[in-house]
Amino acid sequence: MKPTLTKGWRLTGLLCTALILLITAACSGNNSSGEETGADVPQGDITLVIGAYSVVKDAFADLLPKFKDKWKAETGQTIAFQESYEASGTQARAIAGGFEADVAVLAMEGDIDKIQKAGFITHDWKQALLHDGMITRSIAVLGTREGNPKDIHDWEDLTRDEIKVLYPNPKTSGGAQWDINAIYGAGLKKSEADTGKKDPAYAKAFLEKIHQNVESLDKSGRASMAAFEYGVGDVIVTYENELIARINKGVQYEIVVPSTTILIENPAAVVDVNVDKHGTREAAEAFLAYLETPEAQLIFANHGFRPVDDAVMAEVKDRYQQPADLFDIHYLGGWDDVRKKLYSPKGIWYQVLAGL
């Protein structure tokens, strides 16, 4: 009888274990919105869900505790954060597809627009903040290995046969679209200087020459940077702030600021449908307002971003190199025009990708 009793206890134990696992799985839920999201929702009087592009993760590690203390002092309420960091385009599609972020912090306004067009943002998000909805700035630059062994000084050097280039995939990465915009815009600027007018054909050919030297199209700017630091490629096209942040952590990069490059502006917005569902509108709006304060802007600057606050920028301007010719998205016709001309299914970028 003893063996039978042992088998019975084993069977009972297995059934109990299976039941516990099923209950745990049911209670834990499944959040597939980002590659760097915690397994459990943190506990607090209120939880704010942040859906952000991966580049701001390090800055938010400093900013979120500061806002938590500020909110506690002002309201007496404890705030917790559920954070998701992904490539900007991927994050935008997740929120537009139902990931219940209260706040979207993304690489470019086109990604916020995707969420708005899906019906989740119902207010004029550009008017909600002081700087047309933007919370940080940067510029597109080139990063080389220590000592710049390939002697790279401007965009034209990226067309040389022996140069291996890295930038991410603009289908998933907002940073990649800024990179492509910078290269294409530099081509327009060169044609304008030579002929007196913008020549889209010249700009496309210029982009094509550089793209022919691209080693791989990674999912995000962070993924491209990881590949570069692993030893892939000779030069990476990326945000200035990304290189500054890595240099501050002891990684050996040389920053090359092209003579002509684009001003990058990064937006944030409250996601109306989700904050109203969660009852977090007041906290979400206060958080975005905090990101514009001098304290927060200086924290962004300490992570390599260019502040949108003019007074803070004046305080830290010596940290940044100034390109000879800096243009913004309006030089390319604005985001609506850029999306149509460059990134539509038959646009310039996809023609370059297909070799057309």
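**Entry 1**

H4 spans residues 109–117, and its buried residues are Glu-109, Gly-110, Asp-111, Ile-112, Asp-113 and Ile-115. I count a residue as buried under 20% relative accessible area, exposed over 50% and partly exposed in between, with a 1.4 Å probe and protein chains only. Contact means heavy atoms within 4.5 Å. Helices (H or I, at least four residues) and strands (E, at least two) are DSSP runs, numbered from the N terminus. Just after H4, Gly-119 has a positive phi of about 95°.

**Entry 2: ground rules and confidence**

I number residues from 1 along each chain as its sequence is written. Local features need pLDDT of at least 70, side-chain atom pairs count only at pLDDT 80 or more, totals for chains, interfaces and linings use all residues, and side-chain values use heavy atoms, with hydrogens and water left out. pLDDT is the predictor's confidence in each residue, from 0 to 100. The chain's mean pLDDT is 87, and 88% of its residues reach 70 or more. Over residues 1–39, pLDDT stays under 50. For that stretch the model has 21 contacts beyond four places in sequence. Where pLDDT is low, predicted coordinates should not be read in detail.

**Entry 3: the chain overall**

I found 14 helices and 10 strands in the protein chain. Of its 356 residues, 50% count as buried. I also checked contacts between residues at least 6 apart in sequence: 74% join residues at least 24 apart.

**Entry 4: cores**

Which residues have the most contacts inside the largest nonpolar core? They are Phe-60, Trp-155, Tyr-167 and Phe-287, in a core of 72 residues. H5 gives the most to this core, with 7 residues. A nonpolar core here is a set of buried Ala, Val, Leu, Ile, Met, Phe, Trp, Tyr and Cys residues joined through side-chain atoms within 4.5 Å. A second, separate core has 17 residues, including Ala-92, Leu-106, Ile-121 and Val-271. I then followed Trp-155. Beyond four places in sequence, its contacts include Leu-142, Ala-182, Ile-183, Ala-186, Phe-206 and Ile-210.

**Entry 5: H11**

Helix H11 (residues 294–302) buries Ala-296, Gln-297, Ile-299, Phe-300 and Ala-301. Their cover includes helix H2 (57–75), S4, helix H10 (281–291), strand S9 (306–307) and helix H12 (310–316). Just after H11, Gly-304 takes a positive phi of about 100°.

I checked two aspartates. Asp-132 has a positive phi of about 55° although it is not a glycine. Asp-132 lies in the loop between H4 and S4. Is Asp-132 buried or partly exposed? Asp-132 is partly exposed, with a relative accessible area of 48%. Asp-151 also has a positive phi, near 55°. Asp-151 sits in the loop between S4 and strand S5 (165–166). Asp-151 counts as partly exposed at 47% relative accessibility.
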